[in-house]
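User: Please take me through the structure below, with a cut-off for each term as it comes up.

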Amino acid sequence: MEEKYICIHGHFYQPPRENAWLEAVEVQDSAHPYHDWNQRITAECYSTNAYSRILDGEDRIEEIVNNYEKISFNFGPTLLAWMERNVPDVYGAILEADKNSADRYSEHGSALAQAYNHMIMPLANRRDKRTQVLWGIRDFSRRFGREPEGMWLPETAVDIETLEVLSELGLSFTILSPYQAARTRSEGDTDWEDVSDGTIDPKEPYRQNLPGGKSIGIFFYDGPISRAVAFEDLLKDGEAFAERLSSGFAEPMAPQLLHIATDGESYGHHSPHGDMALAYALHFIESEKLARLTNYGEFLEKHPPTREVEIKENSSWSCNHGVERWRSDCGCHSGANPEWHQRWRAPLRDALDFLRDELAQIYESKVGEFLKDPWKARDDYIHVVLDRSAESIEGFMDRHCKGARRPSDNVRILKLLEIQRHALLMYTSCGWFFDEISGIETVQIIQYAGRAIQLHEDLYGGDLESRFLDKLSAAKSNLPEHGNGRKIYQKFVQPAMVDLKRVAAHYAISSLFENHAERVSVFCCSVSQKEYRGSEAGRARLAAGQVEITSDITQESENIRFVVFYTGDHQLSCGLSRDILEGVFSDLMAQLFDTFDRADFTEVMQLTGEAFEGSLHSLKSLFKDGQRKILNVILEKKIADALSVYRHVYEPNVPLIRFLKGSATPIPPPLYASGQFVLNSELNTELGRQDIDYQKITDQLREAELAGISLDAKTLEYTLRKNLEKKADAFDENPKSQVILEDIANGVELVYALPFDVNLRKLQNIGHQVKIGNYPDMQRKTEKGDREAAAWVELFENLCGQLNLRI
């Protein structure tokens, strides 16, 4: 066993989904019932691997484990940034796993760094390669508290220059596909062995010698087993997975490393319960002593390479044609639309290369007025990206500026650096990976290009956008309605552009529906209220005032005066101005509110239109999440009215509907639709209440069954799950509360009465922690005659039974 080692690597990554102007992921309806795809995939994969289950012989949860502690893994830096803000518990579990893995694996943490935003490295110039690698290293060290030993290359795309950059920056190894090795030989030999057909032995590390005299370690993963994990349902059985891994060793040979690498999303998102197969496989390997688990850093230290390798230049793991998938119509695609072409890939890259080179030249010449070394400053800018505080920005400026500067100089420098950041983000690989230029991944990278252009034109004007679009128009869509890249830019990118005035519009409009503090954050901007006055008359509302909007990214700031007038439903008008004089605005406010008090709404509308001609905004100006929130407020009354109407249709006809169902007669659509709307609406409301009326829900479920009404299981499950998770959070904070414990037990009992499954993972996680932390103490108190503790123990043991937790 001591000569046999197993390492499982997971590449955990999602393309950046943040709005290029807001620095936040907006609501994505295709991910329903989750807010967005990051949230959904976190629930299905990243969280499940942090809290995975090992079952006993009776399918009870015997142990909850952190898979990341025993495997090798990397997370995309942009994904980790999102997780830090949105799922801090999962983020923390990942960082903790790396620390624990170092204890397990001879002080070698299992986390690897990744080139920053998943750029295809062989297609980048050397300067961008360096920044991508350096940003990946700095992001990693800030999060994990140590320097990385190895780096994952996006799509394992590689060339010698990329390996040189990795080695120069202190990285020891990377991981490639067996089909990326060209030839190999033992150290000291002169004869090479051709392994270009994928026949390299993956059970040992190799050394790639580099032109500058340095070298780097390379691990070539086991192709067949990795493929079985990703595409052949190997994750349906954890024991079979473990045995397949252990079957890959050769006899006799020592030492041997059997290692695989796949997308980490295989373990849960692509393969449901794949995390459990992974957890059990790791458990089975250790308990049956099939091999010793390790990670790449530990194995490399103990067993350095004895063979040299030469890689295939410009190769990757996901394109049979090298790296053509990211620059030509090579034939690689998702398979969803086999009749579509990908001829748009080449002109898209040409357009972005043109933009990159134009912006690099401008950056070098313009920022050189202020900075000692423009490109060293760009490399160091990652520290500002990771910490946007005033202190961080000031420290950056002190390190890199030539001399004294004004606040306006800081704004200019930050805008030029942001142009460069977006010029890197626009090369995220997913923009070329799929089938169609109008797909969300490709539109995302074109948005980054649009943001870079907007910042440039803010500073210098010019015709850069039109020249870029001339080149982008050569990228033809498969869909006639989208035409080409120019039309897609005009359709999806230009309307999404945000400036400080639009932030002011969002603030002003939302102020009619929620109370704002004097200072609030609106995505990546800070809003300071200088003046505000509001009035209401029935449904009509009027507000006016002045705000100072400051970008947290560029420190640019503007004072903007506004008037916003709402007459009900979606009818709303908002006027904005940077230039209106204080006295003129004061007179306008007095006139508007006097007119509003007289309920002369037509005159209010006319006065607003005249004062802000050409600068009027509507509900469409709200950012997507804010727009959805306000529309939900507006629609609440409408939906309540509709529910009342449907109830009047449904309730008198309940006996008839039951009779039709019992006699196997189709229920007329109007009657069925009314029942479906009424019962699902009422159930969703009840399942979301803090004090759940269990009898009422039972009655509603019975009614749906008798009437043959289908339930919206996805929405109802999500509503109840989130309600129970709130209760579980309360129990986590106060685990000795019998009241909360009983409330959760009643909720879980309800779950088993529902005609659909409910995800109880978070309740199980918290229950497991309480079982380990609080349960033994309460048992001891029970044994000493403490009646309250005895009642708690009885309740908790019953809950563990409901949650399938083994005591």
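User: Leaving aside neighbours within four places in sequence, which residues is His-9 in contact with?

Analyst: This is a predicted model, in which local features need pLDDT of at least 70 and side-chain atom pairs count only at pLDDT 80 or more, while totals for chains, interfaces and linings use all residues. Residues are numbered from 1 along each chain as its sequence is written, and side-chain values use heavy atoms, without hydrogens or water. With contact taken as heavy atoms within 4.5 Å, His-9 touches Ser-72, Phe-73, Asn-74, Leu-112, Trp-152, Ile-175, Ile-260, Ala-261, Thr-262 and Tyr-296.

User: Is His-9 buried or exposed?

Analyst: His-9 lies in strand E1, residues 4-12, where strands (E, at least two residues) and helices (H or I, at least four) are DSSP runs numbered from the N terminus. Buried means under 20% relative accessible area, exposed over 50% and partly exposed in between, with a 1.4 Å probe and protein chains only. Because its relative accessibility is 0%, His-9 counts as buried.

User: How are H24 and H25 oriented relative to each other?

Analyst: Helix H24 (residues 669-687) packs against helix H25 (residues 694-707) at about 155°, with axes 10 Å apart. That angle makes the pair roughly antiparallel. Axes are lines fitted to C-alpha atoms over the stretch in contact, with angles from 0 to 180 degrees between N-to-C directions; since under 35 degrees counts as roughly parallel, 65 to 115 as roughly perpendicular, over 145 as roughly antiparallel and the rest as oblique, the orientation is roughly antiparallel.

User: How far apart are the end C-alpha atoms of H28?

Analyst: The expected span of a helix is 1.5 Å times one less than its number of residues. For the 13 residues of H28 (residues 761-773) this should be 18 Å, which agrees with an end-to-end C-alpha distance of 18 Å.
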